[in-house]
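Please look through this structure with the sequence beside it. The points below go from the whole chain down to a single residue.

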Amino acid sequence: SYKEFIKFLDIENIEAHHAIIAAQFTYGWMPTTLKDKRDDISFNKIAEILNKAKGCEDLDDCDYETLKGKINNSIVGMSKMLHFVNPNKYPIWDSRICLYITRLERYNPDKYGTIDAYKAYTNKIHKIVLDIFGNKKNKDKIDLFVNDIQNKYGYEISYIRAIELIMFESQRNK
């Protein structure tokens with residue numbers, strides 16, 4: 001379903017009804033359901049924030065809080081929605097990725113389900129992308145590696161997605 005969801009990028013201008021659809025398909029990837037909080041005023045604000053994210057504008061803490069609040073107060077849901085809007089800027093944050101990074105037995109939403117934790121994770125992922133994928137000396141090897149991942153999953157992926165998949169898959173059977 002990822003390759004279908006990523007087509008969300010084709011929408012030129014995200015509007016409130018697109019934000020509602022994005023919230024619903026984001027939750028199709030989660031083990032819970034989205035609580036029905038539909039009202040056009042707040043989804044207009046969500047659409048405004050998603051357009052900001054799509055256009056590579058930096059989001060402020062208020063933007064993150066607004067998105068998180070609309071998506072069941074979930075950093076995981078918020079990160080997935082942002083990723084589908086701009087997969088080159090926003091990594092997905094979930095319990096498996098948190099487990100990979102922290103080596104904890106359980107995901108603690110009070111500690112790791114915060115905007116500060118997500119922003120720190122995002123900054124770390126961007127640093128990894130720059131360090132690994134920005135190294136021209138290894139470009140051919142890295143391109144082969146990313147192509148192998150793309151072939152395995154059957155869709156084009158961003159460097160951020162390649163890193164996420166490595167972390168996610170390494171925790172799948174634990």
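Predicted model: local features only at pLDDT ≥ 70, side-chain atom pairs only at ≥ 80, totals over all residues.

1. Start with the fold as a whole. The chain contains 10 helices and zero strands.

2. Next, consider burial and surface. The chain has 174 residues, and 45% of them count as buried. Its accessible surface is about 9,800 Å². Carbon and sulfur atoms hold 51% of that surface.

3. Contacts along the sequence can be sorted by separation. Among contacts in the chain with a separation of 6 or more, 66% are between residues 24 or more positions apart.

4. Helix α10 covers residues 159–170, which is 12 residues. The buried residues in α10 are I160, R161, A162, I163, E164, L165 and M167.

5. Finally, take N86. This residue sits in the loop between α5 (75–85) and α6 (95–102). Is N86 buried or exposed? Its relative accessible area is 6%, and the limit for buried is under 20%, so N86 is buried. Leaving aside residues up to four places away in sequence, N86 touches L9, A53, K54 and C56.

Key
Residues numbered from 1 in each chain as written. Heavy atoms only, no water. Helix = DSSP H or I, 4+ residues; strand = E, 2+ residues; numbered from the N terminus. Buried < 20%, exposed > 50% of the residue type's maximum accessible area, 1.4 Å probe, protein only. Contact = heavy atoms within 4.5 Å. Expected span 1.5 Å × (residues − 1). Areas by Shrake-Rupley, 256 points an atom, 1.4 Å probe, with all protein chains shown as cover.
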